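Let's take a walk through this model together, starting with the overall build and then moving to the charged side chains. Keep the viewer open as you read.

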Amino acid sequence: MDPVIVEQLGRDHPLARHLDDFLTDQKNANASAHSVRAYRGDLLQFTAHWDGELTGLTADPVRAFLADISELSAATRKRKRAAVSSFCRWAVRQDRLDSNPMDKIDTIKVPKTLPRPAAADDVARVLGKICSRRPRKDVSLDRLRDRVLFETIYVCGARAAEVCGLDLEDFDLRQDDEHVRIHGKGGTVRTILLDDRGYVALLKLYLARAGYRFGPAFRASINGNGGPLSYDAAHHRFEGYCEAAEVEIDIHPLRHAHATELINAGVSIEVVRRRLGHASTETTQLYTLLADDVADAEIRAARRRRDRR
(Lines give C-alpha, C1' and ligand atoms only; values in the text may rest on other atoms or scores of the structure.)
Protein backbone atom coordinates (compact mmCIF):
# COMPACT_ATOMS: atom_id res chain seq x y z
CA MET A 1 0.00 0.00 0.00
CA ASP A 2 1.09 3.58 -0.67
CA PRO A 3 3.33 4.55 2.28
CA VAL A 4 1.82 8.04 2.52
CA ILE A 5 -1.67 6.55 2.82
CA VAL A 6 -0.44 4.13 5.49
CA GLU A 7 1.29 6.94 7.39
CA GLN A 8 -1.69 9.32 7.36
CA LEU A 9 -4.63 6.91 7.49
CA GLY A 10 -3.32 3.53 8.57
CA ARG A 11 -4.08 0.27 6.81
CA ASP A 12 -7.37 -0.25 8.65
CA HIS A 13 -9.06 2.98 7.57
CA PRO A 14 -12.19 2.10 5.52
CA LEU A 15 -11.03 4.16 2.54
CA ALA A 16 -7.33 3.25 2.61
CA ARG A 17 -7.50 0.24 0.30
CA HIS A 18 -9.83 2.02 -2.14
CA LEU A 19 -7.60 5.09 -2.35
CA ASP A 20 -4.56 2.89 -2.91
CA ASP A 21 -6.32 0.97 -5.70
CA PHE A 22 -7.48 4.23 -7.30
CA LEU A 23 -3.95 5.68 -7.33
CA THR A 24 -2.57 2.41 -8.71
CA ASP A 25 -5.06 2.54 -11.58
CA GLN A 26 -4.09 6.18 -12.24
CA LYS A 27 -0.43 5.16 -12.49
CA ASN A 28 -1.33 2.26 -14.78
CA ALA A 29 -3.28 4.70 -16.97
CA ASN A 30 -0.04 6.71 -17.38
CA ALA A 31 -1.02 9.64 -15.15
CA SER A 32 1.98 11.80 -14.34
CA ALA A 33 3.66 11.50 -10.95
CA HIS A 34 2.63 15.09 -10.27
CA SER A 35 -1.04 14.26 -10.94
CA VAL A 36 -0.90 11.17 -8.71
CA ARG A 37 0.60 13.22 -5.85
CA ALA A 38 -2.11 15.86 -6.27
CA TYR A 39 -4.87 13.23 -6.25
CA ARG A 40 -3.42 11.63 -3.14
CA GLY A 41 -3.08 14.90 -1.25
CA ASP A 42 -6.59 16.10 -2.08
CA LEU A 43 -8.23 12.75 -1.31
CA LEU A 44 -6.38 12.37 1.98
CA GLN A 45 -7.64 15.82 2.91
CA PHE A 46 -11.17 14.72 2.02
CA THR A 47 -10.98 11.70 4.36
CA ALA A 48 -11.14 14.10 7.32
CA HIS A 49 -14.83 14.45 6.43
CA TRP A 50 -15.61 10.76 5.82
CA ASP A 51 -14.17 7.81 7.67
CA GLY A 52 -16.96 5.34 6.96
CA GLU A 53 -17.28 2.62 4.36
CA LEU A 54 -17.12 3.73 0.75
CA THR A 55 -20.55 2.22 0.01
CA GLY A 56 -22.14 4.72 2.39
CA LEU A 57 -20.60 7.83 0.88
CA THR A 58 -23.17 10.57 0.17
CA ALA A 59 -23.07 14.19 -0.97
CA ASP A 60 -23.07 15.58 2.58
CA PRO A 61 -19.39 14.83 3.39
CA VAL A 62 -18.43 16.34 0.03
CA ARG A 63 -20.34 19.51 0.87
CA ALA A 64 -18.61 19.64 4.25
CA PHE A 65 -15.23 19.22 2.57
CA LEU A 66 -15.90 22.02 0.09
CA ALA A 67 -17.19 24.28 2.87
CA ASP A 68 -13.99 23.63 4.83
CA ILE A 69 -11.84 24.85 1.93
CA SER A 70 -14.10 27.77 0.97
CA GLU A 71 -11.36 30.33 1.67
CA LEU A 72 -9.05 28.83 -0.97
CA SER A 73 -8.96 30.14 -4.53
CA ALA A 74 -11.63 28.99 -6.97
CA ALA A 75 -9.03 27.16 -9.06
CA THR A 76 -7.75 25.21 -6.04
CA ARG A 77 -11.26 24.33 -4.88
CA LYS A 78 -12.14 23.19 -8.40
CA ARG A 79 -9.08 20.94 -8.49
CA LYS A 80 -9.90 19.35 -5.13
CA ARG A 81 -13.52 18.83 -6.15
CA ALA A 82 -12.31 17.21 -9.37
CA ALA A 83 -10.12 14.80 -7.39
CA VAL A 84 -13.09 13.61 -5.32
CA SER A 85 -15.22 13.43 -8.47
CA SER A 86 -12.64 11.28 -10.28
CA PHE A 87 -12.40 8.96 -7.30
CA CYS A 88 -16.19 8.59 -7.12
CA ARG A 89 -16.53 7.91 -10.85
CA TRP A 90 -13.83 5.27 -10.54
CA ALA A 91 -15.61 3.70 -7.56
CA VAL A 92 -18.89 3.50 -9.49
CA ARG A 93 -17.13 1.84 -12.45
CA GLN A 94 -15.53 -0.63 -10.04
CA ASP A 95 -18.94 -1.45 -8.48
CA ARG A 96 -17.69 -0.19 -5.12
CA LEU A 97 -20.24 2.62 -5.03
CA ASP A 98 -23.84 2.35 -6.24
CA SER A 99 -24.27 5.97 -7.33
CA ASN A 100 -22.05 9.01 -7.71
CA PRO A 101 -22.70 11.61 -4.97
CA MET A 102 -20.91 14.22 -7.10
CA ASP A 103 -23.95 14.32 -9.39
CA LYS A 104 -25.58 16.41 -6.64
CA ILE A 105 -22.64 18.80 -6.26
CA ASP A 106 -22.46 21.83 -8.56
CA THR A 107 -19.23 22.48 -10.41
CA ILE A 108 -17.02 25.37 -9.34
CA LYS A 109 -16.64 28.19 -11.83
CA VAL A 110 -13.20 29.71 -12.14
CA PRO A 111 -12.91 33.24 -13.55
CA LYS A 112 -10.65 33.40 -16.57
CA THR A 113 -7.45 35.27 -15.87
CA LEU A 114 -4.67 36.34 -18.16
CA PRO A 115 -1.37 34.44 -17.97
CA ARG A 116 1.39 36.26 -16.14
CA PRO A 117 4.50 35.96 -18.32
CA ALA A 118 7.89 36.73 -16.88
CA ALA A 119 9.67 39.72 -18.39
CA ALA A 120 12.52 38.73 -20.70
CA ASP A 121 14.96 40.93 -18.76
CA ASP A 122 14.01 39.22 -15.49
CA VAL A 123 14.44 35.78 -17.02
CA ALA A 124 17.87 36.76 -18.33
CA ARG A 125 18.93 38.05 -14.89
CA VAL A 126 17.92 34.82 -13.16
CA LEU A 127 19.55 32.55 -15.75
CA GLY A 128 22.68 34.71 -15.68
CA LYS A 129 22.83 34.41 -11.90
CA ILE A 130 23.04 30.61 -12.25
CA CYS A 131 25.90 30.67 -14.74
CA SER A 132 26.84 32.02 -18.15
CA ARG A 133 25.95 30.36 -21.43
CA ARG A 134 29.71 29.98 -21.72
CA PRO A 135 30.39 28.68 -18.21
CA ARG A 136 33.81 28.49 -16.67
CA LYS A 137 35.29 25.04 -16.19
CA ASP A 138 34.96 25.35 -12.42
CA VAL A 139 31.15 25.73 -12.55
CA SER A 140 29.69 22.73 -10.73
CA LEU A 141 27.65 20.13 -12.62
CA ASP A 142 24.63 20.87 -10.41
CA ARG A 143 24.72 24.54 -11.34
CA LEU A 144 25.19 23.75 -15.04
CA ARG A 145 22.27 21.30 -14.80
CA ASP A 146 20.06 23.98 -13.28
CA ARG A 147 20.89 26.52 -15.99
CA VAL A 148 20.08 24.01 -18.75
CA LEU A 149 16.93 22.75 -17.02
CA PHE A 150 15.40 26.19 -16.48
CA GLU A 151 16.44 27.40 -19.91
CA THR A 152 14.83 24.30 -21.43
CA ILE A 153 11.54 25.32 -19.79
CA TYR A 154 11.96 28.81 -21.21
CA VAL A 155 13.05 28.08 -24.79
CA CYS A 156 10.57 25.21 -25.24
CA GLY A 157 7.60 26.74 -23.43
CA ALA A 158 7.36 23.48 -21.49
CA ARG A 159 5.96 22.77 -18.07
CA ALA A 160 8.56 22.38 -15.32
CA ALA A 161 7.38 18.86 -14.47
CA GLU A 162 7.69 17.87 -18.15
CA VAL A 163 11.30 19.00 -18.30
CA CYS A 164 12.22 17.40 -14.97
CA GLY A 165 10.99 14.11 -16.43
CA LEU A 166 13.01 14.22 -19.67
CA ASP A 167 15.20 11.23 -20.51
CA LEU A 168 18.33 11.31 -22.66
CA GLU A 169 16.47 9.42 -25.40
CA ASP A 170 13.98 12.30 -25.64
CA PHE A 171 16.70 14.51 -27.15
CA ASP A 172 17.60 14.26 -30.83
CA LEU A 173 20.73 16.37 -31.23
CA ARG A 174 21.64 15.72 -34.83
CA GLN A 175 23.49 18.74 -36.21
CA ASP A 176 21.17 21.50 -37.51
CA ASP A 177 18.04 19.44 -36.75
CA GLU A 178 17.95 19.34 -32.95
CA HIS A 179 14.62 18.41 -31.33
CA VAL A 180 13.29 17.29 -27.97
CA ARG A 181 10.30 15.06 -27.35
CA ILE A 182 8.08 16.37 -24.53
CA HIS A 183 5.73 14.02 -22.68
CA GLY A 184 2.72 16.11 -21.71
CA LYS A 185 -0.59 15.76 -19.94
CA GLY A 186 -2.80 12.79 -20.67
CA GLY A 187 0.00 10.78 -22.24
CA THR A 188 0.39 13.23 -25.13
CA VAL A 189 3.77 13.65 -26.81
CA ARG A 190 4.94 16.67 -28.79
CA THR A 191 8.22 17.33 -30.58
CA ILE A 192 9.85 20.72 -30.06
CA LEU A 193 12.39 22.26 -32.42
CA LEU A 194 15.52 23.48 -30.62
CA ASP A 195 16.39 26.45 -32.79
CA ASP A 196 18.39 28.56 -30.31
CA ARG A 197 22.03 27.81 -31.16
CA GLY A 198 23.39 29.18 -27.88
CA TYR A 199 21.03 26.99 -25.87
CA VAL A 200 21.86 23.91 -27.97
CA ALA A 201 25.58 24.45 -27.39
CA LEU A 202 25.01 24.76 -23.63
CA LEU A 203 22.84 21.61 -23.62
CA LYS A 204 25.50 19.61 -25.43
CA LEU A 205 28.18 20.89 -23.06
CA TYR A 206 26.10 19.82 -20.05
CA LEU A 207 25.42 16.35 -21.42
CA ALA A 208 29.10 15.90 -22.29
CA ARG A 209 30.19 16.92 -18.79
CA ALA A 210 27.54 14.76 -17.13
CA GLY A 211 28.57 11.72 -19.15
CA TYR A 212 25.17 10.07 -18.86
CA ARG A 213 24.54 7.26 -21.35
CA PHE A 214 20.86 6.66 -20.61
CA GLY A 215 18.13 7.55 -18.11
CA PRO A 216 17.04 10.95 -16.75
CA ALA A 217 18.69 13.99 -18.28
CA PHE A 218 18.41 16.12 -15.14
CA ARG A 219 19.35 14.06 -12.09
CA ALA A 220 19.13 14.80 -8.40
CA SER A 221 22.41 15.39 -6.60
CA ILE A 222 21.72 12.86 -3.85
CA ASN A 223 21.15 10.08 -6.38
CA GLY A 224 22.95 11.50 -9.37
CA ASN A 225 23.26 8.14 -11.07
CA GLY A 226 19.56 7.38 -10.75
CA GLY A 227 16.36 9.37 -10.38
CA PRO A 228 15.41 12.69 -11.93
CA LEU A 229 15.39 15.99 -10.08
CA SER A 230 11.90 16.36 -8.59
CA TYR A 231 9.60 19.26 -9.39
CA ASP A 232 9.68 20.38 -5.75
CA ALA A 233 13.48 20.40 -5.71
CA ALA A 234 13.61 22.33 -8.99
CA HIS A 235 11.08 24.84 -7.69
CA HIS A 236 13.08 25.35 -4.49
CA ARG A 237 16.33 25.86 -6.40
CA PHE A 238 14.69 28.32 -8.81
CA GLU A 239 13.41 30.36 -5.86
CA GLY A 240 16.96 30.58 -4.56
CA TYR A 241 18.29 31.87 -7.87
CA CYS A 242 15.46 34.41 -8.12
CA GLU A 243 16.27 35.67 -4.63
CA ALA A 244 19.94 36.01 -5.55
CA ALA A 245 19.00 37.91 -8.71
CA GLU A 246 16.50 40.07 -6.75
CA VAL A 247 13.73 39.06 -9.14
CA GLU A 248 10.26 37.87 -8.13
CA ILE A 249 9.06 35.29 -10.64
CA ASP A 250 8.02 31.63 -10.48
CA ILE A 251 8.93 28.71 -12.73
CA HIS A 252 5.63 28.54 -14.63
CA PRO A 253 5.79 32.14 -15.96
CA LEU A 254 8.87 31.03 -17.95
CA ARG A 255 6.44 29.02 -20.09
CA HIS A 256 4.10 31.99 -20.37
CA ALA A 257 7.00 34.24 -21.38
CA HIS A 258 7.92 31.92 -24.26
CA ALA A 259 4.33 31.79 -25.51
CA THR A 260 3.95 35.57 -25.36
CA GLU A 261 7.22 36.10 -27.24
CA LEU A 262 6.02 33.78 -30.03
CA ILE A 263 2.67 35.57 -30.29
CA ASN A 264 4.40 38.96 -30.35
CA ALA A 265 6.66 37.67 -33.13
CA GLY A 266 3.60 36.86 -35.25
CA VAL A 267 3.62 33.07 -34.86
CA SER A 268 0.16 31.63 -35.50
CA ILE A 269 -2.12 30.51 -32.67
CA GLU A 270 -2.16 26.91 -33.95
CA VAL A 271 1.64 26.67 -34.00
CA VAL A 272 1.87 28.10 -30.47
CA ARG A 273 -0.87 25.71 -29.31
CA ARG A 274 1.05 22.69 -30.62
CA ARG A 275 4.35 23.90 -29.15
CA LEU A 276 2.83 24.40 -25.68
CA GLY A 277 0.74 21.23 -25.80
CA HIS A 278 -2.61 22.90 -25.22
CA ALA A 279 -5.63 20.70 -25.91
CA SER A 280 -7.46 23.54 -27.69
CA THR A 281 -6.74 26.99 -29.08
CA GLU A 282 -9.11 28.52 -26.51
CA THR A 283 -6.38 28.35 -23.88
CA THR A 284 -3.70 29.61 -26.27
CA GLN A 285 -5.83 32.57 -27.33
CA LEU A 286 -5.41 34.08 -23.87
CA TYR A 287 -1.88 34.98 -24.91
CA THR A 288 -3.20 37.07 -27.77
CA LEU A 289 -4.73 39.44 -25.23
CA LEU A 290 -1.18 40.14 -24.06
CA ALA A 291 0.23 40.58 -27.54
CA ASP A 292 0.07 44.36 -27.70
CA ASP A 293 3.15 44.49 -29.90
CA VAL A 294 1.40 42.46 -32.59
CA ALA A 295 -1.75 44.58 -32.39
CA ASP A 296 0.23 47.82 -32.53
CA ALA A 297 2.21 46.60 -35.54
CA GLU A 298 -0.96 45.70 -37.45
CA ILE A 299 -2.55 49.06 -36.66
CA ARG A 300 0.56 50.95 -37.78
CA ALA A 301 0.72 48.90 -40.99
CA ALA A 302 -2.94 49.61 -41.70
CA ARG A 303 -2.40 53.32 -41.18
CA ARG A 304 0.62 53.33 -43.50
CA ARG A 305 -1.46 51.66 -46.21
CA ARG A 306 -4.22 54.20 -45.68
CA ASP A 307 -1.80 57.12 -45.85
CA ARG A 308 -0.27 55.81 -49.09
CA ARG A 309 -3.71 55.66 -50.66
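The chain's secondary structure comes to 14 helices and three strands, where helices (H or I, at least four residues) and strands (E, at least two) are DSSP runs, numbered from the N terminus. A word on the ground rules: this is a predicted model, so local features need pLDDT of at least 70 and side-chain atom pairs count only at pLDDT 80 or more, while totals for chains, interfaces and linings use all residues. Residues are numbered from 1 along each chain as its sequence is written, and side-chain values use heavy atoms, with hydrogens and water left out.

Of the 309 residues, 42% count as buried; buried means under 20% relative accessible area, exposed over 50%, and partly exposed in between (1.4 Å probe, protein chains only). The chain exposes about 17,400 Å², with carbon and sulfur atoms supplying 48% of that; accessible areas come from the Shrake-Rupley method with a 1.4 Å probe, and for residues only the protein chains shown count as cover. As for contacts (heavy atoms within 4.5 Å), take those between residues at least 6 apart in sequence: 60% of them join residues at least 24 apart.

Now for the charges. The chain carries 49 positive and 46 negative side chains, and the centres of the two sets lie 5 Å apart. Here Lys and Arg count as positive and Asp and Glu as negative, with His and the chain ends not counted; the place of a charge is taken as NZ of Lys, CZ of Arg, CG of Asp or CD of Glu. Side chains of opposite charge can pair when their charged atoms come close. The structure holds 20 salt bridges, each one a side-chain nitrogen of Lys or Arg within 4 Å of a carboxyl oxygen of Asp or Glu.

How buried or exposed are the two partners? Asp 146 sits at 0% relative accessible area, so it counts as buried, whereas Arg 237, at 28%, is partly exposed.

Another pair to find is Glu 178 and Arg 197, whose side chains meet in a salt bridge (3.0 Å, N to O). This one links distant parts of the chain, 19 residues apart: Glu 178 is in the loop between β1 (171-172) and β2 (179-183), and Arg 197 is in helix α9 (residues 197-210). Glu 178 is buried because its relative accessibility is 1%, while Arg 197 is partly exposed at 40%. There is also a network of salt bridges, linking Arg 133, Arg 147, Glu 151 and Asp 196.

Next, turn to helix α14 (residues 292-308), where you'll find Arg 308. C-alpha to C-alpha, Asp 307 is 55 Å from Leu 207, and the two are 100 residues apart in sequence.

For an arginine in another setting, look at Arg 40 in helix α3 (residues 33-46). Arg 40 counts as buried because its relative accessibility is 19%. Leaving aside residues up to four places away in sequence, Arg 40 touches Asp 2, Val 4, Ile 5 and Leu 23.

Last, some backbone. Most residues other than glycine have a negative phi. Asn 30 has a positive phi, near 75 degrees; Asn 30 is in the loop between α2 (16-28) and α3 and is exposed at 55%. Glu 246 has a positive phi as well, near 60 degrees, and is found in the loop between α10 and α11 (252-264), exposed at 69%.
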